[in-house]
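Here is a walk through the side-chain contacts of one protein model. Please keep the sequence and the structure in view while reading.

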Amino acid sequence: MPHHDDLRHMDHALRLARRGLGNVWPNPAVGCVILREGRIVGRGWTQPGGRPHAERMALDHAGSLAQGATAYVTLEPCAHHGRTPPCAEGLIAAGIRRVVSAMTDPDPRVAGRGHAMLEDAGISVAQGVRQAEAQELQAGFLSRILAGRPFVTLKLATSFDGRIATASGESKWITGPQARLHVHAMRMAHDAVMVGGNTARADRPSLNVRGLTTPRQPLRVVLSSQSLPDLPPEGPMHGPLLQIDASAPDALRRLAQQGVTRVFCEGGGVLAASLLQAGLVDQVIGYTAGVVLGGEGRAGIGPMGLVHLADAPQFQLMETRPLGGDLFHRWRRITG
């Protein structure tokens, strides 16, 4: 069993790592804490655009105090030469005595080589500390490396009876300001925001982060074979717009090839249904308002051709809480 102090400091590193979500692709969001004689002397997390890496940030913060210290890292330090030298080499050169890592990096360029490099240099390595939490944090990176597609979150903001608009298309606003701000926070934690062509043409959504400070706007993705309107730029920091004429599975593969790890899908109903039918939705985020729109209202998910309940996609409730006058709930796909 890991020592209590190891768990505590890895929890700190995981909190730092979360700061990078949505900002660091194609790299993983990593956190690092350097401890010497019971005192934190260095902290770092992957910076926007993916560099510098967390370990480099923490080592620079620690300076000479890294000599003889312990480094807590949420992902195995890299062992390959890319645009920057390997982090494992940096830890060795700094005189780190012990490394505690949460999980092995599945990237074939690393995949245990970082840990081996450290051990060959005489550094004590403890692996798998807070592994489940690290894997949850790295769900997008893991999906891109192992499944060849990004992790997909489907967002639904609906009335109490599951409608996203009235029959005439009026939808602003079903949910309140706290829920809408939370949506922007979710966009900020994803690499890309995706909608279907019908939604883009009908609503002309801006698809960017507003009301919050973010170092990097998400990539805006529209799946459509038809021409699109000019989407609102909403200022100089709006994310690039990418139109893809392909099926949902092919589009996700293309995004993964460009380094995208986490996609936030905001509809419409046809796209949501196709993703669900193909088993490509990993997580559903719901915002439910205390308003009833009736059967003539527009459904959030299009027809899926289901006949038997057993064929319906299944999700497990992970969390729920009030957001102002609305209810937030998060569900993860049940596999196997």
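The paragraphs below take up charged pairs, then aromatic rings.

This is a predicted model, in which local features need pLDDT of at least 70 and side-chain atom pairs count only at pLDDT 80 or more, while totals for chains, interfaces and linings use all residues. Residues are numbered from 1 along each chain as its sequence is written, and side-chain values use heavy atoms, with hydrogens and water left out.

Side chains of opposite charge can pair when their charged atoms come close. A salt bridge is taken here as a side-chain nitrogen of Lys or Arg within 4 Å of a carboxyl oxygen of Asp or Glu. By this rule there are 14 salt bridges in the model.

One of them joins Asp11 and Arg130, whose closest N and O atoms are 2.7 Å apart. This pair links distant parts of the chain: Asp11 belongs to helix α1 (residues 4-18), and Arg130 to the loop between β5 (124-126) and α5 (131-137), 119 residues apart. Helices (H or I, at least four residues) and strands (E, at least two) are DSSP runs, numbered from the N terminus.

Are these two residues buried, partly exposed or exposed? Buried means under 20% relative accessible area, exposed over 50%, and partly exposed in between, with a 1.4 Å probe and protein chains only. Asp11 has a relative accessible area of 23% and is therefore partly exposed; Arg130, at 25%, also counts as partly exposed.

Another salt bridge connects Arg187 with Glu266, at 2.6 Å from N to O. Here too distant parts of the chain are linked, with Arg187 in helix α7 (residues 177-188) and Glu266 in the loop between β11 (262-265) and α10 (269-277), 79 residues apart. Arg187 counts as buried because its relative accessibility is 8%, and Glu266 is buried at 15%.

Arg321 and Glu319 form a salt bridge of 2.9 Å, N to O. Shared partners join Glu136, Glu319, Arg321, Arg330 and Arg332 into one network of salt bridges.

Turning to the rings, the structure holds one aromatic pair (ring centres of Phe, Tyr or the six-membered ring of Trp within 6.5 Å; planes under 30 degrees apart are stacked, over 60 edge-to-face, the rest tilted). Tyr287 and Phe328 make up this tilted pair, with 5.5 Å between centres and 50 degrees between planes. Tyr287 lies in strand β12 (residues 283-288) and Phe328 in strand β15 (residues 326-333), 41 residues apart. Both Tyr287 and Phe328 are buried.
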